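Me: I have a structure to go through with you. Take my questions one at a time, please.

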Amino acid sequence: MTLTYEEDDNTKTATISVSGKIERADYDAVLEPMQAFIDKHGTVNFIEILESFSGFDPSVIWPGIKFDFANLKHIRRVAVVSDIGWISPLTKAAGYFMSTKLRMFEMSQLEEARDWVKSSA
């Protein structure tokens, strides 16, 4: 599986790890738990760890857009953690269009990313 998903109810933080190509079955497997996590807590944080990324099945685009539009207002912070060079500028550009606080971290800064999503600043 290219996607793994973990939840921490104490900090209201979910972690998604990506390694390889995101297939529709992988995306579908995490979509329902993510929605349930948001529904349970109201406002949540996400940590997205991109260890490697070789694309995604185009069939995940529409469900992804629908999920984002329905839930973006419930996501307080997103930490994107990756050493993939082109991810950082893309993340920063996306951050300008979102009310959610979005920040990029290198893989060596994973613990800093975890601390940042949990902070109230």
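Reply: Ready. A residue counts as exposed at over 50% relative accessible area, and as buried at under 20%. Note that this is a predicted model.

Me: Is phenylalanine 69 buried or exposed?
Reply: Phenylalanine 69 sits in helix H2. Its relative accessible area is 71%. The cut-off for this class is over 50%. Phenylalanine 69 is therefore exposed.

Me: Which helix gives the most to the nonpolar surface patch?
Reply: The patch consists of Phe56, Ile61, Trp62, Ile65 and Phe69, with about 570 Å² of accessible area together.

Me: Which element gives the most to the largest nonpolar core?
Reply: This core has 22 residues; Tyr5, Ile16, Met34 and Phe46 touch the most other members. Strands E1, E2, E3 and E4 and helix H1 each supply at least two residues. The top share is five residues, and it comes from H1.

Me: How many residues are in the other core, apart from that one?
Reply: Its members include Ile47, Ala79, Val81 and Val117. Phe46 is in contact with Ala79 and Val117, among others. The size of this other core is eight residues.

Me: Which backbone oxygen lies 3.0 Å from a polar side-chain atom of asparagine 45?
Reply: Asparagine 45 is in strand E3. Its relative accessible area is 4%, so it is buried. Beyond its sequence neighbours, its contacts include Thr11, Arg76 and Val117. The oxygen in question belongs to valine 117.

How values were computed
Residues are numbered from 1 along each chain as its sequence is written. This is a predicted model: local features need pLDDT of at least 70, side-chain atom pairs count only at pLDDT 80 or more; totals for chains, interfaces and linings use all residues. Side-chain values use heavy atoms; hydrogens and water are left out. Patches are made of residues with over 30% relative accessible area and no salt bridge: like charges are joined within 9 Å, nonpolar side chains (Val, Leu, Ile, Met, Phe, Trp, Tyr) within 5 Å. Accessible areas come from the Shrake-Rupley method with a 1.4 Å probe; for residues, only the protein chains shown count as cover. A salt bridge is a side-chain nitrogen of Lys or Arg within 4 Å of a carboxyl oxygen of Asp or Glu. Helices (H or I, at least four residues) and strands (E, at least two) are DSSP runs, numbered from the N terminus. Buried means under 20% relative accessible area, exposed over 50%, partly exposed in between (1.4 Å probe, protein chains only). A nonpolar core is a set of buried Ala, Val, Leu, Ile, Met, Phe, Trp, Tyr and Cys residues joined through side-chain atoms within 4.5 Å. Contact means heavy atoms within 4.5 Å. A polar contact is a pair of N or O atoms within 3.5 Å; within protein, one must be able to donate a hydrogen and the other to accept it, and residues adjacent in sequence count only if both atoms are side-chain atoms. Lists of a residue's contacts leave out its neighbours within four places in sequence.
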